[in-house]
Amino acid sequence: MPSTPRAGRREWIGFGVLMLPLLLVSMDVSVLYFAVPFLSAELRPTSTEQLWIFDIYGFVLAGLLITMGALGDRIGRRRLLLAGAVAFGAASVLAAYADSAGTLIAARAVLGVGGATLMPSTLALVRNMFHDEKQRGTAIAIWTAALTGGIAIGPVLSGILLEHFWWGSIFLINLPAMVLLLLLAPLLVPEFRNPRAGRFDLLSSVLSLAALLPVIYGIKELAREGWSAVPASAVAAGLLVAVFFVRRQRRLAYPMVDLALVRRRAVGAALGVNLVAMFAMVGFAIFTTQHLQSVLGFSPLRAALWSLVPSVLVGGVAPVAAALARRIDRAYLIGAGFVVAAAGFVVLTRVPVTDGLATLLVGASVYAAGLVVVMSLVTELVLGAAPPERAGVASALTESSSELGGALGMAVLGSVGGAVYRREVVDGIPAGLPADAADAARETLGGAVAVAANLPADAAAAVRQAATTAFTDGLHLAAAGAGALMLLAAVLTVATLRGVRTPTPSPTPTPTPTPTPAR
């Protein structure tokens, strides 16, 4: 039996080139955090426009991932990667020089389109460049670290640029990397397409967008505003469209998503595990950020720098997990990752109201370490189980589960923390405050901090004490809930993924349409 070919220096250099767009796409999720005051002063967006400036990028990216993954399988993953780089670079220029909120929203939407082409293309090309299981595991571990690191670096880079340049510089930083990608990728990254993928089904693309976009939008709005008929209806409508999408995939000769692939334990169960990991990772991040800024009183840049500590400390965890996976069943390693994450959340249940920086960082570092192990091994499991010709869609499904898990995490954990805050803060708000100020203090921690800034010293101290205590109690309950979920996930992971091996034999694509094509 011929040995599996191993990647050489050329492939590893090409892999380094692929990290450029991945870092930028992940950074663009968070790069706007510090730019809000500058944007507000120059573009004067309404509150609705400001929300769309933030959200449109993630919505478009999430909605188009499956479409772009399937398109890359058909037209060529490197070709799609380069087209996405052009779109991402052009949209970056448009965003940097936007003269209105509408223009910036449009530019952010195009950035989302570019990001949706870049993310699945990079991961699918890793599957094509690294056929050896050990090398592929190492590459995917580095890919995972780059993805999570980019999200953490975004606010810090934004803060540094805004200290010295105008707000548009946070977008122009994308251009040098995109130019390098356009120059080097054709030389170092091999092309790959599935010649038997069949025609691209436009209706399936529309259905996938119409399913994912309303669900993610509705979940995020429920997390932000609480229960409301409009976002709840959006979630219901998206789920209904998803049913039609699945039914169409069953009828197509060449489906956009191969349901037989999803039914494999190494894919379907792993996607569920990835969703749970992102649920905890993204859902709890807002508590860490708010504690640093509103409880400890750090400036945005100082808070962003401290938030980098967990990322730096866990930077080498994913490659170590990949090395251990060569000797130990991945199910046990993933289960151990969830147990470690649960331990981190237990530490976070002990964060004090004052002087809690060390406890917060230790807990965040421990749970991040455990979840990075989970995400890197799950990603490798899905790609290893997917045949090379379907790696684009497999990559897109992995990233779509991440987006959905993150949205669910923000909704559920955010709602838990918010409910505790609103219930407990009432008793500590001093009497005699104006009605609008009292309502703002009761609604969110940020509102309470803003109200306290305009009060006499004694009343301000009382409001801050009540708000920070209520918020910390909410953080404790959210951490306890997340920790319990991690332990349950550890048990279910071992039960469902034990004994799964990769790579699995690649099925031969059917050359002629055996099923009846959908009409």
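Residues are numbered from 1 along each chain as its sequence is written. Because this is a predicted model, local features need pLDDT of at least 70, side-chain atom pairs count only at pLDDT 80 or more, totals for chains, interfaces and linings use all residues, and side-chain values use heavy atoms, with hydrogens and water left out.

**Confidence**

- Helix H15 (residues 330-348) has the highest confidence, at 92, while helix H18 (residues 435-443) has the lowest, at a mean of 70; helices are DSSP runs (H or I, at least four residues), numbered from the N terminus.
- Over residues 504-519 the pLDDT is below 50, yet this stretch has 30 contacts in the model beyond near neighbours in sequence, where contact means heavy atoms within 4.5 Å.

**Domains**

- Domain 1 covers 8-189, domain 2 covers 202-253 and domain 3 covers 258-501, with bounds from an automatic or database domain assignment.
- The C-alpha centres of domain 1 and domain 3 lie 23 Å apart.

**Where domain 1 meets domain 3**

- Here, 34 residues of domain 1 are in contact with 33 residues of domain 3.
- About 2700 Å² is buried between domain 1 and domain 3, with carbon and sulfur atoms giving 70% of that area; buried area is the accessible area (1.4 Å probe) that two parts lose on being put together, summed over both.

**A charged pair**

- Between domain 1 and domain 3 the count is one salt bridge, meaning a side-chain nitrogen of Lys or Arg within 4 Å of a carboxyl oxygen of Asp or Glu.
- The side chains of Arg136 and Glu380 meet in a salt bridge at 3.7 Å, N to O.
- On the side of domain 1 that touches domain 3, helix H3 (47-75), helix H5 (101-129) and helix H6 (133-164) each supply at least two residues.
- H6 gives the most to that side of domain 1, with 18 residues.

Technical notes
pLDDT = per-residue confidence, 0-100.
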